[in-house]
Amino acid sequence: MKKLLTLAVCLFSVTALCAQTQVIAHRGYHATKNSVRNSLSALVNAQDAGVYGSECDINETADGVLVVVHGPMHEKYRVQETDFATLRAQTLANGEILPTLEEYLVQAKKNTATKLIIEIKDHNTPARETRVVKNILKMVKKHKLVNDVEYIAFRQFVCDELVKWGPKGIKVAYLNGTLTPEYCKGLGYTGIDYSFKVMQQHPNWIKESHDLGLTVNIWTVNDPEGIKWCIDNKADYITTDNPAEAMRQLGM
Ligand code: MG
């Protein structure tokens, strides 16, 4: 009887653990003194805070370097049409360098308890998007981070290429909010990652996703009420610029 009870308590704990909403720092944990979005310090802050994930945006420069920057502009330059050296010469607002994906992966490897959530930005041709996807996958593999990275994209083609060329078990979530959970499942994605507005219009998509075995991530939720809604409605992940408030509500 005692064993059964212990087993029941264990199972309950595991279920509770799985059901707990987790925090993803949007463009890293930048809401601290001296940090900025998509900087190496924002990734370090997210790791130090112990959040589930740190999100970043990836663009390819004109000379083929994968950089962490939201774009489409960096200062006065179009990121995807400018060479790396020119972009790198323009420091971030806090004086940090504009990081490459490679530098981000080296930092990610130092503490894999925090996943790196890679958003691949749209590029101007399908061929370029395929190359970007393949180069990112190759680099992640090289750094032995295959199980510590998850992928998101607004463009369906990018998600499809990730599923097509990625390793078995790759985590891919679609951002654009235009596809039903069932359709995403059919495409081989592992989750939906939709805006707060879309999810409020389709709150049933949370349960639908879970029934299909998909994860639900909601972006970008910064105010306490919105964060509470996500937690109450059992979203798996909240992507936020305000990790401190999300962590507070989750008792972290
Ligand atoms: Mg992003």
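My entries on both topics follow.

**Ground rules.** I'm working with a predicted model, where local features need pLDDT of at least 70, side-chain atom pairs count only at pLDDT 80 or more, and totals for chains, interfaces and linings use all residues. Residues are numbered from 1 along each chain as its sequence is written, and side-chain values use heavy atoms, with hydrogens and water left out.

**Cysteines.** I searched the whole structure for disulfides (cysteine sulfur pairs within 2.5 Å) and got 0. For C184, the closest cysteine sulfur belongs to C159, and at 7.9 Å that is too far for a bond. C230 is in no disulfide either, since its nearest cysteine sulfur, in C184, is 18 Å away. I also checked burial (buried is under 20% relative accessible area, exposed over 50%, partly exposed in between; 1.4 Å probe, protein chains only). C184 has 0% relative accessibility, so it counts as buried; C230, also at 0%, counts as buried too.

**Domains.** The chain splits into domain 1 (24-152) and domain 2 (171-252), with bounds from an automatic or database domain assignment. Their C-alpha centres are 22 Å apart.

**Interface.** I looked up buried area (accessible area, 1.4 Å probe, lost when two parts are put together, summed over both): about 1300 Å², 60% of it on carbon and sulfur atoms. On the domain 1 side, I24, H26 and I152 lose the most, together 40% of what that side buries.
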